[in-house]
Amino acid sequence: MEAHALLSLGLSALHRDGFLLLPGVLEPGQVEQLKAAISALTPQHWDYNGLLEHYKCVFNRDPLWLAYLDLPGVIELAEAALGEDCHIIGQTAWRSHPGYQGMALHLDYLAMELPEAWLADADFELPMQICTVQFYLDDIDSELCPTQVLPGSHRAGRRPVAGEQQWQGQATQSILCRAGDALMFRSELWHGGSDNRSVDRTRSMLQVHYGRRMIAQKFSPYLHWQFNPAVLAAATPRQRRLLGEHAEAEYD
Ligand SMILES: O=C(O)CCC(=O)C(=O)O
């Protein structure tokens, strides 16, 4: 299928379902590189480790992470969804060990609450503000913390209440997939994690969070944030834009 047709299908899925599984976006060598890089990370600032290891803004640690900001097949979709001047607002690495308990159903960001009736109107297309892409570095089965999504729930116009698992007759679905696959979802989608019920397997995952240009980048620890010069020196022009090097605009 032509690239243009693929993009259009991807955008339609994000508007209709709120998410899209992109198979095989990483080569096996990239999966291995990322797994090794994540297992070598140690916590900084608000990172933590335990049953869940969680590392924020990993792009600033080493130039190795840059290639995963604009992977072919993913960046085109992010730019089509969020504008050609979109940028990243984070890149987070995870390791979820046996016994880890996944996050309950939630949404990540709702720009504003809107009446459900407006969102139900087939002629109304809610623009996206933030999308996350999750790169799975292991084959994900029902025991290895499959991500949960509730198709179409970005049209609820609100957050799920505690324990709510359905919306308009749709129930949550587990994303079962292969190492190297990626899940892209918009920030209003109700989604969550699930437990690592395996005996001895760890789920490694990399997330990239993309936002429209006017969604502020707030890299922690905020006022103390400093870009790593080695990362800036290695970045391509597109990667520099994703890191925040924009053309001048109204407010900045
Ligand atoms: O663990 C997962 O797959 C879900 C992650 C998640 O819900 C989030 O980062 O907001």
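Start by selecting R61, which sits in the loop between strand 2 (52–55) and helix 3 (75–82). Helices here are DSSP runs of H or I with at least four residues, strands are E runs of at least two, and both are numbered from the N terminus. You are looking at a predicted model, where local features need pLDDT of at least 70, side-chain atom pairs count only at pLDDT 80 or more, and totals for chains, interfaces and linings use all residues. Residues are numbered from 1 along each chain as its sequence is written, and side-chain values use heavy atoms, with hydrogens and water left out.

What else does R61 touch, not counting residues up to four places away in sequence? Show L41, T42, P43, Q44, D47, Y55 and N228; contact means heavy atoms within 4.5 Å.

While you're here, click H45, in the loop between helix 2 (28–39) and strand 2. H45 is not a glycine, yet its phi is positive, at about 50°.

Next stop, the ligand. Select the residues around it: W94, M103, H106, D108, Q134, T147, H191, G192, G193, R203 and Q207, each with a heavy atom within 4 Å of it. Which side chains have an N or O atom 2.9 Å, 3.4 Å or 2.8 Å from a ligand oxygen? For H106 the distance is 2.9 Å, for Q134 it is 3.4 Å, and for R203 it is 2.8 Å. Taken alone the ligand exposes 300 Å², and the protein buries 94% of that (Shrake-Rupley areas with a 1.4 Å probe).

Then look for pockets. On a 1 Å grid over the protein atoms alone, a pocket is an open set of points where a 1.4 Å probe fits, with protein on both sides within 12 Å along at least five of seven lines; lining residues have an atom within 4 Å of a point. The largest pocket holds about 770 Å³ of space, a volume being the space filled by probe spheres set on the points. Select K56, T92, D108, Q207 and H209, the residues nearest its centre among 33 in the lining. Strand 3 gives the largest share of that lining, 5 residues. The lining divides into 15 nonpolar, 14 polar and 4 charged residues.

For the second largest pocket, with about 260 Å³ of space, select A3, L6, L7, L9, G10, L20, L22, P23, V25, G73, E76 and L77.

Last, go to P221, in the loop between strand 11 (203–211) and helix 5 (229–234). A cis peptide bond joins S220 to P221, with omega about 10°.

Key
Nonpolar A, V, L, I, M, F, W, Y, C, P; charged D, E, K, R; others polar. Polar contact = N/O pair within 3.5 Å; in protein donor to acceptor, adjacent residues only side chain to side chain.
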